[in-house]
Amino acid sequence: MSQQGYVAAPPYSQSQPGIGGFGSPNSSLHYGHYGDPNSSYSAPQPSVSKSAVPFGSSAPVGPPPPGAHQLSQTNFQNGPGTPGQQPHRFQGPPPPGNTGASYPPYSPQSQPAFPNAAPASSTAQLADQLNSMQINNYGPGTTPSPGHPASFQSPRLPPPPTQQQMVLPPGPQVPPPPTSSVNGLCAQQSLPPMARQGGIPGPVPPNPNLQQLPGQPPGPGYHPQQANYGPQMAGSQLSYPGAFPGGPGQLSGPQQKKLDPNSIPSPIQVIESDKAARGGQVYATNTRGQVPPLVTTDCVIQDQGHASPRYIRCTTYCFPLTSDMAKQTRIPLAAVIQPFANVPPNETPLYLVNHGETGPIRCNRCKAYMCPFMQFIEGGRRYQCGFCNCINDVPSFFFQHLDHMGRRIDHYERPELSLGSYEYVATLDYCRDKKPPNPPAYIFMIDVSYRNIKSGLVKLICDELKTLLDKLPREEQEESSAIRVGFVTYNKVLHFFNVKSSLAQPQMMVVTDVSEVFVPLLDGFLVDFEESRSVITNLLDQIPELFADTNESETIFAPVIQAGMEALKAAERAGKLFIFHSSLPTAEAPGKLKNRDDKKLLNTDKEKTLFQPQGNCYEALARDCVANGCCVNLFLFPNQYVDVASVGLVTMYTGGTLYKYNNFQLDGDSPQFLSDLRRDMEKKMGFDATMRVRTSTGFRATEFLGAIYMNNTTDVEMAAVDCDKAVTVEFKHDDKLNEDTGALIQCALLYTTVSGQRRIRIHNIGLNCSAQLADVYRTCETDALINFFAKSAFKAILSQPLKTVRDILVNQTAHMLACYKKNCASPATVSQLILPDTMKVLPVYMNCLLKSCVLVGRAEIPTDERAFHRQLVMAMGVADTQLFFYPRLLPIHSLDLKSDAVPAAVRCSEERLSEGGAFLLANGLSMFLWLGASVSPELIQGLFNVPSFAHISTDATSLPDLDNPFSKKLKHILEQLQSQKPYTMKLIIVKQREQPEMLFRQFLVEDKSIYGGASYVDFLVCIHKEISQLLS
Amino acid sequence: MATYLEFIQQNEERDGVRFSWNVWPSSRLEATRMVVPLACLLTPVKERLDLPPVQYEPVLCSRPTCKAVLNPLCQVDYRTKLWACNFCFQRNQFPPAYAGISEVNQPAELMPQFSTIEYIVQRGPQTPLIFLYVVDTCLEEEDLQALKESLQMSLSLLPASALVGLITFGRMVQVHELSCEGISKSYVFRGTKDLTAKQIQDMLGLSRPAVSMQQGRPLQTPEQPPISSRFLQPVHKIDMNLTDLLGELQRDPWPVTQGKRPLRSTGVALSIAVGLLEGTFPNTGARIMLFTGGPPTQGPGMVVGDELKTPIRSWHDIEKDNARFMKKATKHYETLANRTAANGHCIDIYACALDQTGLLEMKCCANLTGGHMVMGDSFNTSLFKQTFQRVFNKGYNGEFRMAFGANLDVKTSRELKIAGAIGPCVSLNAKGPCVSENELGIGGTSQWKICSLDPSTTLAIYFEVVNQHNAPIPQGSRGAVQFVTQYQHSSTEKRIRVTTIARNWADAQTQLQHIEAAFDQEAAAVLMARLGVYRAESEEGPDVLRWLDRQLIRLCQKFGQYNKDDPNSFRLSESFSLYPQFMFHLRRSPFLQVFNNSPDESSYYRHHFARQDLTQSLIMIQPILYAYSFHGPPEPVLLDSSSILPDRILLMDTFFQIVIYLGETIAQWQKAGYQDMPEYENFKHLLQAPLDDGQEILQTRFPMPRYIHTEHGGSQARFLLSKVNPSQTHNNLYAWGQESGAPILTDDVSLQVFMDHLKKLAVSSAS
């Protein structure tokens, strides 16, 4: 396992103790500390009422009592005493109807959570410590402006220095009244480190390095390295005073000469500055190792020899030269490959290369495909493979003379010589049984048990299919789709339908032998929709009636997949199953599941079993499906536990997509479901795919993460792969790399097109290599890193306790940053938190990952939801993970109606909300429209066509179509947000201080999570502490 | 006094019974010395135009072990209203309804002419007849089309209330639901997996809850039609539906690659059919009609693999123990047959293919349940079409010539015991005092179940005389046998037919000539043949022939008149004279000879032999040959090569074939076209006469025989040549070139040689 990669860290797959170099007692102590508070968040203990303990005195050891929600608590307690609007926001105990259960935990006793045994018991000491803290970038003592949410007003902080630097004012300026439970709570988390460190350093002098802080105008390309990282904090300052978040007035950016209270690095600022610098420009991939714009930045990409970042994104574009270096940095070397990524219409689609019967030209030794990395020599008669250095003869039909540069004359005429991405037509050697493949088939398998019939879902699906089948994907040049379709319904038994075009009406064939399911018919099951249109329409009309008086409520599941797979196998086609399922399959059949959702397992070593499938039936089934090119798409409509970990497994391994609609209601949820279905059906995809990642000498791909199946260590098998699926590949050194030749990667994907052609899609990318650690850090990409960390952590939870997984994440983050600080930062910054520019937002993103419901076991979070998220993330590309972990929060009360652009996002924190505002939040899965309690009536009228806030119905899942610029603009924004997202986001309207707000607030990821996740600031403190430990 | 011949004939007409011996030897020892066992051929539901059924219950003997039915042989005391059972001598009270009887006012069952009487009884709910079609779809398009048409046609022949069901099979087995509107729905089963009855019923949704509902329903709504399942519906309700469904039947859609047989799941299809009826309609008349166009090639009951290069088993393979699937398949079908029989259903097999279809393995399905077995070359032949149509033939009173679920109970007077029965029946294992320990055929019981029978269905029932030699039976006393057959008439009525017969006892030592004279050689030949064929199913062919020969020799020794060691002195009395000849032809018959027959054919022949009545059985043993010539009216001639003359037309009826053979000269005349010339109209008539006669036979026989029209030298002439006694062969040169008859090129012995040997052995003092 790689020493650099998180995933690779031994604990995940091997039982080596400790993690790489982190085994030192010192650091382990650190994890411990970090971990403890962490687990304290997650300790599920609602409504504890142990309060009353004075902070200082608490400091108990042992199992931390329930995590409390300090932030909320803070507000809560302070509320009455603070001026402004604060009282409005938290008016005391939540009304009984609230999401309640999670509310009570916010009672003021977070203290016991502090695992630290340090004798931080006396108030005096506490005060002392607090005094010593320094936090950078305090606003200059402005009072909260009414327009801003004043969530953290408690201790009024003294005006910070007017510099932009994040230097905290000297201790005495911080008045943390010990009696203020709020601050106390917050502070306590950081107390332990202080206590440990014993002394508290004085105020840290302003650091010149800080000058460029967030506000620095982005330079062209990358910033000069060391100068601009995020906040630097003195270690001692990190003891996180509750006061930190500062008043609302402190929000303004440095350029406005106001000090930003949240001057810790802002993802929004990073995104916006990249947008400003590179948005809308042409990005040509002509240089090896060049760092592409962020995923959030729109630009036109021109393939000039390396694959577009839409297809491949790397964690770093400069690999360390040796494995020792790699171990030292612990930056995972990985590439996120999205081989079928959508390309906007203004970019060139992939060229198709056809070498006729000889097939693609490949290196004799390593079998790499002809690509721009091949060096032509001897006048063009031979070429040297860029991957294995083997010298090959150029086939005579391919021969071309070289020009004076040593480049082939036809360089620009041949995509395989000049482009990073292109496709080859595959010959029969690349086909199953050496026979040209049949066009794929789509099989629709509908659960017709009682509940689905009663809910109207079956009718909805059938009605939709009638029109949807006209939109099956096809090649651009073809008139109709070559895809065959078939229909199955099922409850406890399976019903196949013969829809042969020659029949007057469909025939139904019932297969009741579910223990050993089989396909009852071949001819007439998979048909051409055009030919059998009337029979199919007839069938779809009849299905809802056929089962109208069913009372069968038990369902099967594994036999359904099996049946679909067998049908495809018998027809010798690859294909996709669309399964519409709603309940836990309890009928007597293979794959029968029992409800094993046991909350008692949370935060135990057995928690991982919740993510593992029940029995081995589903794994075997997945293997068979992959072997037969059968992709399983699952639409789940559960209203209780359905064991997503088991039923979703086949979907996951076969490159399918899992959709889940909890408590599906026909009225509210149909648009979301139908839109998902439409999009999924029309998706361009490849079937029966095998992916192979080849690398130049010195390193190799060691780990593959995604919705894939692997039979051996090199071939990535995917029953199907669509535009949204990404495979994250980790690389490892097995030799020293070469700075001159760099690190080359070729990803070849053999697949069958929707029309049944066999093709090979090639993506090539070249990376630099360097002996300088700084080079590595300078070319890192945080979004890709997070994608990698998320996937590897989500994979790791199958085999390790969650706590270990979280610890490793924290640890590795600290290590990466510590290594930077140690090797690349100037020595002057010893006690400060120094972040490399490219990793400025790593802590906040990492914190979001750590807080994701998958990694936080809480009784309030349904197990299925966690398994669902886990599965989704495993298949996500960089853009999707970025949005998923750090949702986009858009203020829409101040829209510029003249511009088409989506407004600039704001940071996901409660303090960015305002009572008079309206905000849109999207994370790729769901969307919230949050309305402040005093949002302007004009806005309400404009959006909802109702006179007042009170009239707004929160049941609606869409906005009315109104003929006013505001409504139109918002609709446009919604469309923009939705475009290119794999899942249709259901719009949830949230009114301030009404019940669904709790749900919404989970997505304010910079805040403390109600489920026990640390706030951004807390986490930064913790990381800093870790780093300090590592470096000390 | 009437001759025995007349007596026998009269008895047969009245009671449907023919005994091998019509005067019975009075002791066990003597009876065994008679060689031919005391036995009878019983046709339980023989058509009796003159027998109106009575509409009441029979009166039974009150002794629980007897329960014989009141009959004309019983002694009745009209004064005390008592009757004595003639089997157990129990004295019984007449039931109250009989209070008015007297010598002049007798109930029918006491009148001598009602030695056979039929009762109609009202018992239990009446269920309509059930016909479950089990159709092979692995057929050639043409065959399937023909079969579909036949099936559609048959719907119009069924009684309107009859329930029909449809199962089709190929690689999969489909049970069609007939009740649904719109989409046609079927339940599909994998053709390779054997399922228990319970599994089948579960999978078809026929299990417990449905059953309890069925039981409850008649109580709540008694006027509603009897229970039916989704798979079995009254013809009148769904005949349109079913006609369409049959019309849409497609050939099995699974591709068959070259060099392979189609995968045919006959075993599972039958199993599902049996399971379906078992679960829904136990113990009511139901026919499972299997139509198959080839051998089962997969799953339980497979007979041959799907590789065409491995041929289906032959007798040679079976002898060499090379038939891999035979035992397993046979076991599968036997299990099914027994289950079917236990439920009172029957299985018909209509197998039409040029090659074998596995009748050998499946035969028990028809044999044990009384079902039909029909073998043809194609469904698109008149042989199949007409045979199938004839299944639904109606009798004299417009009723189907089929009866179901018969329960045959045999009661004997004390001197007799029941040794067994041979026919389309299964034992009901009814042990009793009149059951012999020595079994002949299906023994060890006094009751048998015949799940399906028609008016010609005939059982051979074997008895044993148990009277000891030293306990003589009083002179002039008679032994009696009563046959009680309860069955479901095609009108769905429950009926009971009671036949009571009596025969005189005679002391074989003093009255051998009486016994001899009362020997029914025809019945005896058939009864012995049945025993032989029954043995041939389980024993080696030569053993059976040896056994038959030994029996014949012993019979000749016992009843022939001869001087020791002088073959020329050997004579047999008239009542035995034909018997050796029957045995000669039986030895040559396909029932005992497997040479030149496939295992399927042997099974087919044996099946029919074991159920036809005496006349048909005799035809099977010794085919009938008629000669048509200008020399006189048509006449029966010897089944001998000498009968084949150039100026004759021969008509041979072997039961399975009708052969019309034109002699050499006749054939030349016909070629010359004389029949078309007005002046030779008589020739035209001569040609026509055998055709008409043949047609008549064709019209009445079930299954329809193969019709062969051939001439001297024609390839089909072999059918005739193989049957006639080869009195002239290439071996006996003295006949060679003579005018009379045609030589047969065979090494088989002729009847003359056979008789010579028989005489020699019979008179030999050595044996």
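In this predicted model, a salt bridge joins the side chains of B:K193 and A:E516, with 3.2 Å from N to O. Since the cut-off for such a pair is 4 Å between a Lys or Arg side-chain nitrogen and a carboxyl oxygen of Asp or Glu, the contact of B:K193 with A:E516 at 3.2 Å qualifies. The interface of chain B and chain A holds 3 salt bridges by this rule. Polar contacts across the interface of the two chains come to 12 residue pairs, counting those in which both residues have pLDDT 80 or more.

Overall, 17 residues of chain B contact 25 residues of chain A. The two chains bury about 1900 Å² between them, and carbon and sulfur atoms account for 57% of that area.

Strand β11(B) also takes part in pairing between the chains. Its partner is strand β14 of chain A (residues 507-511), and the two run in the parallel sense over 5 bridges. Within this pairing, A:M508 has B:K185 of β11(B) as its bridge partner.

Attention now turns to the structure as a whole. One within chain A is formed by A:E475 and A:R759, whose closest N and O atoms are 3.9 Å apart. Because A:E475 sits in the loop between α12 (457-468) and β12 (484-490) of chain A, while A:R759 belongs to strand β25 (residues 758-770) of chain A, the pair ties together parts that are 284 residues apart in sequence.

Two values describe a pair of aromatic rings, namely the distance of the centres and the angle of the planes. The total over all chains is 75 aromatic pairs. Among them is the pair of A:F699 and A:F731, which is edge-to-face, with 5.5 Å centre to centre and 70° between the planes. This pair links distant parts of the chain, 32 residues apart: A:F699 is in strand β20 (residues 699-705) of chain A, and A:F731 is in strand β23 (residues 727-733) of chain A.

How values were computed:
Residues numbered from 1 in each chain as written. Chains lettered and ligands numbered in written order. Heavy atoms only, no water. Contact = heavy atoms within 4.5 Å. Buried area = accessible area lost by both parts, 1.4 Å probe. Polar contact = N/O pair within 3.5 Å; in protein donor to acceptor, adjacent residues only side chain to side chain. Pairing = 2+ DSSP bridges. Helix = DSSP H or I, 4+ residues; strand = E, 2+ residues; numbered from the N terminus. Phe/Tyr/Trp six-rings, centres within 6.5 Å; stacked < 30°, edge-to-face > 60°.
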